[in-house]
Amino acid sequence: MNIRLNENFARIKPSYLFSDVAKRVREYAEKHPDKKILRLGIGDVTLPLTPTVIRALHKASDEMADASTFRGYAPEYGYDFLREAVARHYASFGVSVEAGDVFISDGAKSDLGNFVDLFGDVAVLVPDPVYPVYVDSNLMAGRTIEYMAGNAENGFLPSPAGLSDTPRLIYLCSPNNPTGAVYSKEGLAEWVAFARKTGSLILFDSAYEAFISDGSPRSVYAIEGANECAVEFCSLSKTAGFTGTRCGWTVVPAALGALKPMWERRQATKFNGVPYVVQRAAEAALSDEGMAECMANIAYYKENAALIAALLRKKGIPFTGGTASPYLWLKCPDGMGSWEFFDKLLYEAQVVGTPGAGFGGAGEGYFRLTAFGSRENTREAVERLDKLL
Ligand code: PLP
């Protein structure tokens with residue numbers, strides 16, 4: 001082959017994190033086949049889809065078997081029934097979003113990755129540590145990234161204080177993956193004010209919004225004026241267990257001017273919609289009955305998180321997250337590095353977590369545990385860590 005490739009791909013670090021974790025666990029398991037390994041590293045849900053969602057999937061599948069109710073191509077931006085259900089979901093926690101500004105997708109990762117198509121050579125500001133897609137999608141597009149450190153001093157919630165007035169694309173993730181930290185209304189309002197003052201655009205990732213129950217903002221649009229400076233990405237992956245079913249949405253408010261027609265054009269050109277059956281399942285998840293079931297599942301994960309949090313408190317290990325998030329982000333004890341602590345937990349307690357260094361330079365010395373496991377495994381892991389730490 002003799003064609004020029006996108007050289008920007010060479011700038012992306014190969015994503016070794018989860019494959020490195022898997023490799024180390026595999027090697028350990030091969031050497032110690034008698035040991036039961038408990039995995040608290042995964043960012044995937046384990047509870048099945050809820051009965052309301054399953055009923056909707058069956059019903060929609062039956063509709064596809066009948067010529068009079070069969071559906072072909074879905075509308076590129078999503079069926080109205082789902083765009084309206086999403087708008088009602090926002091209204092249920094007091095946030096006003098127009099159904100026509102909601103774009104249905106196969107999940108937040110695709111939209112976060114694709115949205116960067118709309119921008120030219122612009123400055124990009126990304127928190128560190130953070131979900132790696134923001135960084136890699138901008139590197140692929142040839143942009144340079146400025147990082148803002150989340151650390152113990154700022155509670156892993158960087159603020160705009162001290163930043164220059166350069167207009168930027170600003171990524172915010174709340175509740176954050178991996179730190180579980182959540183912006184307060186005041187904290188988020190600072191960012192909205194900064195974006196408006198500087199002509200910046202906030203790309204707000206609210207994939208874990210359903211874990212919030214303390215009144216913290218579940219959407220950037222809880223802040224006045226955000227519809228003039230923010231796009232929001234959300235997903236049913238963690239809210240409704242859709243990691244394998246695939247459905248999410250992006251809100252691009254009309255008040256952002258050129259951006260909404262550009263996203264419409266981009267989606268109409270490169271995307272052909274989410275399957276009808278999945279959109280019906282998503283509508284069911286967002287119904288009152290469906291959401292009550294989803295919240296019961298989230299409560300289960302949060303109880304797991306509380307078990308882990310209680311242990312960390314008992315051991316005097318500083319951590320964030322675990323209350324409005326399935327993630328607990330802890331400081332590795334005794335000044336240990338992320339991978340050193342990973343090996344200690346694997347070899348001495350057969351518990352697997354995720355080294356913080358994998359989420360950015362500022363994550364070194366930290367470690368992520370998740371509450372997505374079963375109660376039984378979480379309890380057993382907590383007992384083992386209680387003995388070890
Ligand atoms: N945003 C964050 C912060 C995530 O942690 C994840 C998944 O782990 C996503 C987005 C992607 O979610 P989806 O499954 O909707 O693509």
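## Notebook: cavities, pocket, domains and sheets

I began with the largest cavity, and its space comes to about 50 Å³. The model I am reading is a predicted one. I counted three cavities of 30 Å³ or more.

Which residues line the largest cavity? I listed Val45, Leu47, Lys238, Thr239, Ala240, Gly241, Cys294, Asn297 and Tyr301. I then sorted this lining by class: five residues are nonpolar, three are polar and one is charged. Domain 1 and domain 2 each give at least three residues to the lining of this cavity.

**Domains**

That sent me to the domain assignment. Domain 1 covers 10-39 + 290-388, and domain 2 covers 51-287. I looked up the distance between their centres, taken over C-alpha atoms, and found 26 Å. I also checked the contacts: 26 residues of domain 1 touch 36 residues of domain 2.

**Largest pocket**

Next I turned to the largest pocket. Its space is about 1,200 Å³. I found 44 residues in its lining. Nearest the centre of the pocket lie Phe18, Tyr131, Pro132, Val133 and Phe359. I sorted the lining of the pocket too: 24 residues are nonpolar, nine are polar and 11 are charged.

Which element gives the most to the lining of the largest pocket? I found that H5 does, with five residues. Helix H5 spans 133-140. Helix H1 (17-31), helix H4 (108-115) and strand S3 (123-128) each supply at least two residues. I asked about domains here as well. The pocket lining draws at least three residues from each of domain 1 and domain 2.

**Seven-strand sheet**

I then traced the sheets. Seven strands make an open sheet, and I read their order as S2-S8-S7-S6-S5-S3-S4. The pairing in this sheet is mixed. Its edge strands are S2 (102-105) and S4 (145-149), each of which pairs on one side only. On average, neighbouring strands in this sheet are turned by 20° against each other, direction ignored.

S2 pairs with strand S8 (residues 248-251) in the antiparallel sense, over four bridges. Which residue in S8 is the bridge partner of Phe103? I found Thr250. I also noted helix H3 (residues 80-92), which lies across S2, strand S7 (230-235) and S8. H3 runs at about 115° to S2.

**Four-strand sheet**

A second open sheet came next. I read four strands in the order S9-S10-S13-S12, with antiparallel pairing. Why is one side of S9 and of S12 left without a neighbour in the sheet? Strand S9 (319-321) and strand S12 (354-355) stand at the edges with a single partner strand each, so one side of each has no neighbour there.

S12 and strand S13 (residues 366-370) pair in the antiparallel sense over two bridges. Pro355 stands opposite Phe367 in S13. Last, I looked up what packs on this sheet. Helix H9 (residues 288-315) does, touching S9, strand S10 (327-331) and S13. The direction of H9 makes about 15° with that of S10.

Methods. Residues are numbered from 1 along each chain as its sequence is written. This is a predicted model: local features need pLDDT of at least 70, side-chain atom pairs count only at pLDDT 80 or more; totals for chains, interfaces and linings use all residues. Side-chain values use heavy atoms; hydrogens and water are left out. Two strands pair if DSSP finds at least two bridges between them. Axes are lines fitted to C-alpha atoms, for helices over the stretch in contact, and angles run from 0 to 180 degrees between N-to-C directions. Contact means heavy atoms within 4.5 Å. On a 1 Å grid over the protein atoms alone, a cavity is a set of points where a 1.4 Å probe fits but cannot get out, and a pocket is an open set with protein on both sides within 12 Å along at least five of seven lines; lining residues have an atom within 4 Å of a point. Grid points are joined across faces, edges and corners, and a volume is the space filled by probe spheres set on the points. Ala, Val, Leu, Ile, Met, Phe, Trp, Tyr, Cys and Pro count as nonpolar, Asp, Glu, Lys and Arg as charged, and the others, Gly among them, as polar. Domain bounds come from an automatic or database domain assignment.
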